[in-house]
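Here's a quick tour of some side chains and how they meet. Have a look at the sequence and the model first, then read on.

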Amino acid sequence: MIFGRGHLERVLREYVRHYEEARPHQGLAPKVPRPRQALEEPTTAGTVMRRDRLGGLIHEYVRHAA
């Protein structure tokens, strides 16, 4: 539920950020349009953490180094 223009603008900014930085796109093999800058090489070690966005409507998953 949206509660006014300011709330709508915040929700849209958050969704666009998720769409461009975290959501994989099939047309990009499945990469993201604007990937976040990785500080280290990707790894399969470490704990996977879930980040909730928009009150839990969107979930992003990131791996924290072991």
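Let's start with a term: a residue is buried if its relative accessible area is under 20%, exposed if it is over 50%, and partly exposed in between (1.4 Å probe, protein chains only). By that rule Tyr 15, at 38% relative accessibility, counts as partly exposed. Keep in mind that this is a predicted model, where local features need pLDDT of at least 70 and side-chain atom pairs count only at pLDDT 80 or more, while totals for chains, interfaces and linings use all residues. Residues are numbered from 1 along each chain as its sequence is written, and side-chain values use heavy atoms, leaving out hydrogens and water.

**The aromatic pair**

- Rings of Phe, Tyr and Trp (its six-membered ring) pair up if their centres lie within 6.5 Å; planes under 30 degrees apart are stacked, over 60 edge-to-face, and the rest tilted.
- Searching the whole structure turns up one aromatic pair: Tyr 15 with Tyr 19, tilted, at 6.0 Å centre to centre and 35° between the planes.
- Both tyrosines, Tyr 15 and Tyr 19, sit in helix 1 (residues 5-21), four residues apart, or about one turn of the helix.
- Helices (H or I, at least four residues) and strands (E, at least two) are DSSP runs, numbered from the N terminus.
- Tyr 19 is partly exposed, because its relative accessible area is 34%.

**A buried histidine**

- Leaving aside residues up to four places away in sequence, His 18 touches Arg 23, Ile 58, His 59 and Glu 60; contact here means heavy atoms within 4.5 Å.

**Salt bridges**

- A salt bridge needs a side-chain nitrogen of Lys or Arg within 4 Å of a carboxyl oxygen of Asp or Glu.
- The whole structure has seven salt bridges.
- One of them joins the side chains of Glu 14 and Arg 53 (3.5 Å, N to O).
- That pair links distant parts of the chain, with Glu 14 in helix 1 and Arg 53 in strand 1 (residues 47-53), 39 residues apart.
- Glu 60 meets Arg 51 (3.8 Å, N to O), and Glu 60 also meets Arg 53 (3.5 Å, N to O).
- Is Glu 60 buried or exposed? Glu 60 counts as buried, because its relative accessibility is 3%.
- Arg 51, at 30%, is partly exposed, and so is Glu 14, at 21%.
- Glu 14, Arg 17, Arg 51, Arg 53 and Glu 60 are linked in a network of salt bridges.
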